[in-house]
Amino acid sequence: MTRIVILGGGPGGYEAALVAASLGATVTVIDSDGIGGACVLTDCVPSKTLIATSETMTNLALAPGLGIRPHGLGAGTEPVLPAVAWGMRSGLDAGVPPLTPPEVVSVDPEQVYERVRELAKAQSLDIERRLEREKVEVVHAAGRLVGPHAIETNTGETFVGDVILIATGASPRDLPTARPDGERILTWRHLYDLKEIPEHLVVVGSGVTGAEFASAYRAMGAEVTLVSSRERVLPGEDPDAARVIEDVFVRRGIEVLNRSRAASVRRIGDGVIVELTDGRTVTGSHALMAVGSVPRTKGLGLTDVGVRLGPGGHVNVDRMSRTSVPGVYAAGDCTGVLPLASVAAMQGRIAMWHALGEAVSPLRLGTVSSNIFTEPEIATVGVTQVMKDTGAVAAEVTTVPLSRNPRAKMMGIEDGFVKLFCRPGSGSVLGGVIVAPRASELILSVSLAVEHGLTVDQIAHTFSIYPSLSGSITEAARVLRPRDFFAGFDSAG
């Protein structure tokens with residue numbers, strides 16, 4: 001019987017453990033943070049739980065545009081909500097200033113943060129119970145490699161395995177001039193210990209994490225300033241999608257400081273001051289440092305046993321999750337492949353399938369879908385606009401604005417679009433971008449098309465519900481449908 005020892009209990013670790021156990025291996029998971037790892041306890045699950053609250057606040061703020069005018073809680077109180085929806089273009093074009101969430105509804109921060117923490121703990125417990133049901137041994141301790149097939153814990157135990165999997169994740173990056181104190185200068189892992197919604201949150205970093213929290217806290221009533229060192233927010237994302245999000249941010253009252261790099265962040269009394277490299281300063285009640293993450297690979301004894309690390313400290317792996325040492329695999333954020341829970345889980349599964357002799361295909365990053373949980377969301381899969389524009393991939397593209405979708409009109413949605421890429425001639429779907437509420441749910445059909453090589457013609461001939469937001473996907477496919485290509489088949493009989 002093969003013995004598997006896994007260091008790290010996040011998605012890469014626990015998903016690998018479940019696969020290995022199902023294949024008859026003896027499995028031990030060594031984890032010091034809590035099963036589920038940062039993803040479940042301090043990152044993905046908590047942040048999206050917080051965002052669920054902010055989404056509700058956004059929907060309440062949009063209610064007047066749908067004809068809903070809640071009155072004050074006291075008898076005879078006049079309505080406090082404006083007649084136009086929060087941040088809708090009609091309000092902006094009419095000269096209406098950026099609007100705020102409804103004043104008759106407030107966020108109870110203690111309840112919100114408690115719910116976030118309790119849900120994360122419950123999810124962690126659910127995963128640990130599942131591991132126990134599958135006879136996986138869970139050891140709550142820190143560990144390090146003391147040989148290519150042995151891990152020693154800080155409790156003095158040594159676990160020997162035929163196969164070792166490293167799945168230790170990553171931690172928020174610290175800047176020497178902006179050390180987090182957990183009270184006013186924060187990383188995303190500190191947010192859920194706050195007692196209040198920040199009065200004025202200065203978010204340093206306009207990548208995915210910074211954009212998500214800027215969006216969420218603005219919806220919950222905080223004043224937000226977003227410091228971005230690049231020309232626009234979300235510089236690594238589809239440029240059309242990023243422009244939509246930045247436009248929404250500005251209309252909803254977020255101050256976006258593009259081409260502004262933070263030199264330092266320090267406390268001043270009950271607040272913070274962010275000093276920019278051009279000499280300007282921004283003051284706020286709290287600062288959130290969203291400047292990336294670093295792999296948790298230091299002190300694990302990896303290089304001592306021959307595991308090669310990249311320049312940033314990431315574990316070098318191939319598409320089968322193998323490291324430079326036979327029998328030692330790695331998965332998740334510690335590898336620097338793609339910082340997504342879904343990718344970490346797949347890397348862990350692939351590692352176990354490969355190690356235990358199962359038929360397995362290498363990791364295919366070109367079919368990975370991802371989502372940014374701003375309001376609206378951005379979901380992507382496959383070929384990108386940059387790949388098309390640079391000539392890296394030959395592709396045809398079309399964009400269908402949500403503003404002409406009947407369901408979107410009914411819901412008061414004006415921001416967003418569906419973009420599809422297809423191969424010239426054959427019409428095979430190569431990728432897509434969706435900017436919409438719950439884009440994370442809509443992207444699946446495009447992901448299926450990319451994964452299985454479906455054509456835009458096949459999507460165009462598929463029924464979509466009328467009216468529905470997904471109808472914009474079939475509409476985009478009809479626009480891209482290669483009529484001349486299929487006309488050739490028709491003329492041939």
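1. Val 29 stands opposite Val 138 in strand E3. E2 and strand E3 (residues 137-140) pair in the parallel sense over four bridges; two strands count as paired if DSSP finds at least two bridges between them. Strands (E, at least two residues) and helices (H or I, at least four residues) are DSSP runs, numbered from the N terminus.

2. This is a predicted model, in which local features need pLDDT of at least 70, side-chain atom pairs count only at pLDDT 80 or more, and totals for chains, interfaces and linings use all residues. Residues are numbered from 1 along each chain as its sequence is written, and side-chain values use heavy atoms, with hydrogens and water left out.

3. Strand E2 (residues 26-31) is largely enclosed by the rest of the structure, because five of its six residues are buried, that is, under 20% relative accessible area with a 1.4 Å probe and protein chains only.

4. Strand E1 (residues 3-7) runs parallel to E2 and is joined to it by five bridges. Within this pair, Val 5 stands opposite Thr 28. The chain passes from E1 through helix H1 (residues 11-22) to E2 in a right-handed β-α-β crossover: with the strands pointing away from the viewer, the path from the first strand over the helix to the second runs clockwise.

5. A further open sheet consists of five strands in the order E19-E20-E23-E22-E21, with antiparallel pairing. Strands E19 (369-372) and E21 (396-401) stand at the edges with a single partner strand each, so one side of each is left without a neighbour in the sheet.

6. E19 and strand E20 (residues 377-382) run antiparallel and are joined by four bridges. Ile 372 has Ile 378 in E20 as its bridge partner.

Conventions:
Buried means under 20% relative accessible area, exposed over 50%, partly exposed in between (1.4 Å probe, protein chains only).
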